[in-house]
Every structure is written in C-alpha cells, then in structure tokens.
Amino acid sequence: MDDYSQPDFYRFNRDSLELVRWVKEKIFSSDSILDLGAGCGVIGLELAAHFKPSILCLVEIQNDYKSFLESNLRFMPAQSTCEIHYSSFSHWRPSRTYDLIVCNPPYYLPGKGESARDPRRRMAREFVHDDWHVLLDCIKESLSSSGKAFLVIKNEPLILKTIKKLVPTASNTTVDDLVFLELSGLDIQGS
C-alpha cells in the first residue's frame, strides 16, 4: 500500500485500509465497483485488484487528486476498465448501476468536529459541498437492486444518528473507533 501516489495535504489512512479489509470479508465477488469520494483511488483500486470487476468507477470532487489517481491506475487489473469522474456527489449522475459501492466519506458537517486549515484537507474531512442526504441519495441512485454499499465513518454518535435517521435499515458494526455501515435496498427518509 505504500506504493500508492498520494498528496501531502491528505493521505489515506487506517480507515481506508480497514474498509478494504471489511468489504473483502463480506463480499465474494463483484463485477462493477463504484468508489465515491475516491481521493487517490486506494479503496477502489485495492478492491479491483481483488475482485477483478469489468468496471471500476472513481468519483472525486477535488481535481488536486487527478495526477495521483492517474498515476495509481498502474494498479488497475488489465481485464478491468476504469472511469474517473471529477464531480461532487450532487452533480454526478451514474450511467449505470453498480454491484458494490464503497465510500470513506467526509465525516463532518461544517462547524462540527475538527476543521482543517488547508481547504483541500477540509474538503476531504467535511461536507463542504454536499451533505449526508446528498451522498445517500447518490448511493441509492447508483446501487443495483442486488448490490451492497459499504461506508466507513468515525465512531461519532452525531454522525451515526444522522445516518440512521436517513436510513433506518442501515446495518452497522463498530470496531474500535470506526463504524462500518452496510446498505442495500435503500429507502432514504425524506427523499
């Protein structure tokens, strides 16, 4: 994992690695993967290397990740196709649905939690452009009828309460300071 190209302002961490491990334990195969908020692409690319899907789609709002994402495509399996979209969750429209959606989202709403001084780092940590409702709607629109979505968040009661209010059927597992969410058949409250 140390071979991935990543920016100095925000490097993937334990959350991303644990999400990859968690998904590998829960899913046996996937032909299409969507990584929302892909950053430098480590989650999607690691899962693509494992599952060898026909398609991997990476969606990232920050163009600052572009050179890192493009460099990291060297880890893409030869038999898989990769699409990269630079877009917010609210502006991206999928052209298809996906069997597997993964996301290590910004955890905090602006003004809640620790705020970073660097605006690029802040965007990776806080919902600067979108919010939980927008992200969950994006997942709902992109998830195939038999698909599953997995998210990793900090074990923060306010965040979990917000998600559970929007998706009461979300199943969650807490491991230390992380919460893994599993979503399928989404019915988002207020949609």
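**View 1. Overall fold of the predicted chain.** The secondary structure of the chain comprises six helices and seven strands, as seen in a model that is predicted. Followed along the sequence, these elements give the pattern α-β-α-β-α-β-β-α-α-β-α-β-β. Of the 191 residues of the chain, 50% count as buried, and the accessible surface comes to about 9000 Å², of which 48% belongs to carbon and sulfur atoms. Among contacts in the chain with a separation of 6 or more, 69% are made by residues 24 or more positions apart.

**View 2. Pairing of β2 with β3.** Strand β2 (residues 55–60) pairs with β3 in the parallel sense, and six bridges join the two. Within this pairing, E60 has Y86 of β3 as its bridge partner.

**View 3. Helix α1 against the sheet.**

**View 4. The tilted aromatic pair Y4 and F75.** The count of aromatic pairs in the model comes to two. In the pair formed by Y4 and F75, the ring centres lie 4.5 Å apart and the planes meet at 40°, so the pair is classed as tilted. This pair links distant parts of the chain, with Y4 in the segment before α1 and F75 in the loop between α3 (66–72) and β3, 71 residues apart. Y4 is buried, with a relative accessible area of 5%, whereas F75, with a relative accessible area of 28%, is partly exposed.

**View 5. The stacked aromatic pair W22 and F180.** The rings of W22 and F180 form an aromatic pair that is stacked, with 4.7 Å from centre to centre and 10° between the planes. Here too the pair links distant parts of the chain, since W22 belongs to helix α1 and F180 to strand β7, 158 residues apart. Both W22 and F180 are buried.

**View 6. R96 over the ring of Y98.** The charged end of R96 sits over the ring of Y98, at 5.4 Å from the centre of that ring.

How values were computed. Residues are numbered from 1 along each chain as its sequence is written. This is a predicted model: local features need pLDDT of at least 70, side-chain atom pairs count only at pLDDT 80 or more; totals for chains, interfaces and linings use all residues. Side-chain values use heavy atoms; hydrogens and water are left out. Two strands pair if DSSP finds at least two bridges between them. Helices (H or I, at least four residues) and strands (E, at least two) are DSSP runs, numbered from the N terminus. Rings of Phe, Tyr and Trp (its six-membered ring) pair if their centres lie within 6.5 Å; planes under 30 degrees apart count as stacked, over 60 as edge-to-face and the rest as tilted. Buried means under 20% relative accessible area, exposed over 50%, partly exposed in between (1.4 Å probe, protein chains only). A charge sits over a ring if NZ of Lys or CZ of Arg is within 6 Å of the ring centre and within 35 degrees of the ring normal. Contact means heavy atoms within 4.5 Å. Accessible areas come from the Shrake-Rupley method with a 1.4 Å probe; for residues, only the protein chains shown count as cover.
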